Amino acid sequence: MSTENEGTAVPPAPSAPPVPVDAPAASAHQERPAPDGGAPTAPIPPVPPGAPGAGQHPGAPVPQHGPSAGHGSPEHGFGHGAQGAPATGGPAGPPSPPDASWPPPPAPSYGDGGTGHGAGGWGSSHQQPAPKSGGGRGRLLAGVLVAALVAGGAGGGLGYTLAKENDAGGSTTVSASTSGGDIKREPGTVAAVAAKALPSTVTIEAESSSGEGGTGTGFVFDTQGHIVTNNHVVAEAVDGGKLAVTFPNGKKYDAEVVGNAQGYDVAVVKLDDAPSDLKPLPLGNSDEVAVGDSTIAIGAPFGLSNTVTTGIISAKNRPVASSDGTGSQASYMSALQTDASINPGNSGGPLLDAQGNVIGINSAIQSTSNGGFGTGQAGSIGLGFAIPINQAKYVAQELIRTGKPVYAKIGASVSLEEGSGGAKITEQGAGGSEAVETGGPADKAGLKPGDVITKLDDRVIDSGPTLIGEIWTHKPGDEVTITYERGGKEHTAELTLGSRVGDS
């Protein structure tokens with residue numbers, strides 16, 4: 001499957017003009033996301049045009065990189081950039097026309113910018129009816145009072161309005177009784193989970209030395225001030241750039257990149273002068289997640305920080321190769337798929353279970369080729385992908401410990417082309433090297449160029465990118481069973497995964 005990095009700069013949507021006093025309530029909630037851009041991913045072999053699993057990363061604009069087998073082209077991340085001037089409508093006249101520059105270039109179906117809808121709509125003025133004069137004042141007032149008494153307070157507001165307009169000498173007020181009592185939210189509710197997780201979820205602004213950058217999300221990993229996010233969210237700031245991390249309470253901290261893994265699309269940053277009261281989010285077990293489990297995503301879609309959306313786990317072990325579509329290399333994952341709304345700016349944010357445990361890092365989305373409204377930026381269509389937290393936890397710990405990622409490998413180059421019915425070992429490796437590394441795991445297991453790997457343990461392998469994503473769910477030293485075809489016959493081999501340090 002192919003997805004894209006979410007991360008093109010998009011100006012925030014202008015705020016909607018005030019609602020007129022007696023304007024009828026809208027029949028449905030309308031979200032007007034503020035645009036924002038995203039970022040590329042870690043350096044990895046470029047994803048071929050038709051490669052399966054490619055996706056868009058929803059995060060700050062950053063180059064992507066990664067190792068040798070990949071997925072399609074999902075869109076990475078949730079990131080933003082330049083801001084557009086909001087358009088507002090005055091209370092006594094027609095609303096200003098929407099800014100022609102909004103939504104910005106890459107944005108999928110987010111685009112009205114909150115402007116008025118014309119006369120009589122959100123931008124039109126409201127005229128209070130003129131007071132009526134005449135001798136029916138007493139009868140009308142009495143009628144209002146009777147109606148209010150019969151309704152038990154339900155008509156209090158109307159009774160007050162009519163009495164005020166028809167009794168110049170005094171006023172009669174009928175007030176509604178209060179009801180409902182205190183609101184209690186049980187621990188398992190979305191509101192309770194969000195209230196606990198939001199204080200530990202941050203918005204990250206990354207800026208390169210040339211001034212380019214974007215916005216993404218991250219979450220508190222430990223009490224020492226380490227924040228976990230996507231590589232494509234912070235990649236712009238890796239070489240001489242700047243990072244700013246903002247908490248929901250408005251406190252802002254400078255930060256630096258501790259380590260980044262382009263292939264995994266995971267990065268760790270550390271706060272300068274971290275506060276002593278940090279509360280790390282609890283980590284769940286992504287291996288135990290089941291399709292249909294509830295999910296809660298937190299992030300800053302199109303710059304709208306501290307946004308909470310809900311959904312379910314739609315699928316597991318979804319092979320995804322994601323890139324930003326700019327020619328940068330892809331990252332690979334065996335992802336958790338969710339229909340919780342994820343957009344540019346959500347990248348790097350936590351995907352939580354119903355108990356508030358982090359089960360994944362929101363990283364990519366599948367989107368239509370055109371975002372709508374004449375733009376090309378991706379937006380949520382209910383296909384979001386998250387890096388399983390079991391994998392991300394291991395990567396983050398290695399980055400904190402050594403500053404460099406460690407990848408599991410089989411020691412063979414595979415084709416990224418589709419249609420081979422598996423991961424085919426190429427005749428020659430990258431840069432003219434051997435396709436099967438001498439003395440490596442694949443060599444010791446007897447694999448040769450031309451062999452087509454169809455399974456890794458019980459996981460079906462339908463392409464090179466799928467194989468890479470599955471290998472990277474393991475650690476170096478893990479023993480796996482490889483099923484492969486050679487000359488029309490099926491064979492199996494046991495091998496111990498090797499390791500590669502760094503992204504180069």
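User: Why is Asp 273 called exposed in this model?

Analyst: The model is predicted, and in it Asp 273 has a relative accessibility of 74%. Exposed requires over 50%, so Asp 273 counts as exposed. Asp 273 is found in the loop between strand S8 (266-271) and S9.

User: Is Asp 457 buried, partly exposed or exposed, and how do you know?

Analyst: The relative accessible area of Asp 457 is 32%. Partly exposed lies between the limit for buried, under 20%, and the limit for exposed, over 50%; therefore Asp 457 is partly exposed.

User: Which residues gather with Asp 273 in a patch on the surface, and what charge does the patch have?

Analyst: Asp 254, Glu 256 and Asp 272 gather there with Asp 273, and the charge of the patch is negative. Asp and Glu count as negative. A patch residue needs over 30% relative accessible area, and Asp 273 has 74% relative accessibility.

User: How do you know that Arg 486 and Asp 451 meet in a salt bridge?

Analyst: A salt bridge requires a side-chain nitrogen of Lys or Arg within 4 Å of a carboxyl oxygen of Asp or Glu. For Arg 486 and Asp 451 the N to O distance is 2.8 Å, so their side chains meet in a salt bridge. The pair links distant parts of the chain: Arg 486 belongs to strand S19 (residues 479-486), while Asp 451 is in the loop between helix H6 (441-444) and S17, 35 residues apart. The structure holds six salt bridges.

User: What makes Asp 458, Arg 459 and Glu 470 one network?

Analyst: Arg 459 forms a salt bridge with Asp 458, with the closest N and O atoms 3.9 Å apart. Arg 459 also forms a salt bridge with Glu 470, where the closest N and O atoms are 3.7 Å apart. Salt bridges that share partners join Asp 458, Arg 459 and Glu 470 into one network.

User: How are Arg 459, Asp 458 and Glu 470 classed by accessibility?

Analyst: Arg 459 stands at 31% and counts as partly exposed. Asp 458, at 59%, counts as exposed, whereas Glu 470, at 6%, counts as buried.

User: Which residues of helix H3 (residues 190-197) are buried, and what covers them?

Analyst: Ala 192, Val 193, Ala 194 and Ala 197 are buried. Their cover includes strand S3 (201-207), strand S9 (294-299), strand S10 (307-322) and strand S12 (350-352).

Note on methods: Residues numbered from 1 in each chain as written. Predicted model: local features only at pLDDT ≥ 70, side-chain atom pairs only at ≥ 80, totals over all residues. Heavy atoms only, no water. Buried < 20%, exposed > 50% of the residue type's maximum accessible area, 1.4 Å probe, protein only. Helix = DSSP H or I, 4+ residues; strand = E, 2+ residues; numbered from the N terminus. Contact = heavy atoms within 4.5 Å. Patch = residues over 30% accessible without salt bridge, like charges linked within 9 Å, V, L, I, M, F, W, Y side chains within 5 Å. Areas by Shrake-Rupley, 256 points an atom, 1.4 Å probe, with all protein chains shown as cover. Charge placed at Lys NZ, Arg CZ, Asp CG, Glu CD.
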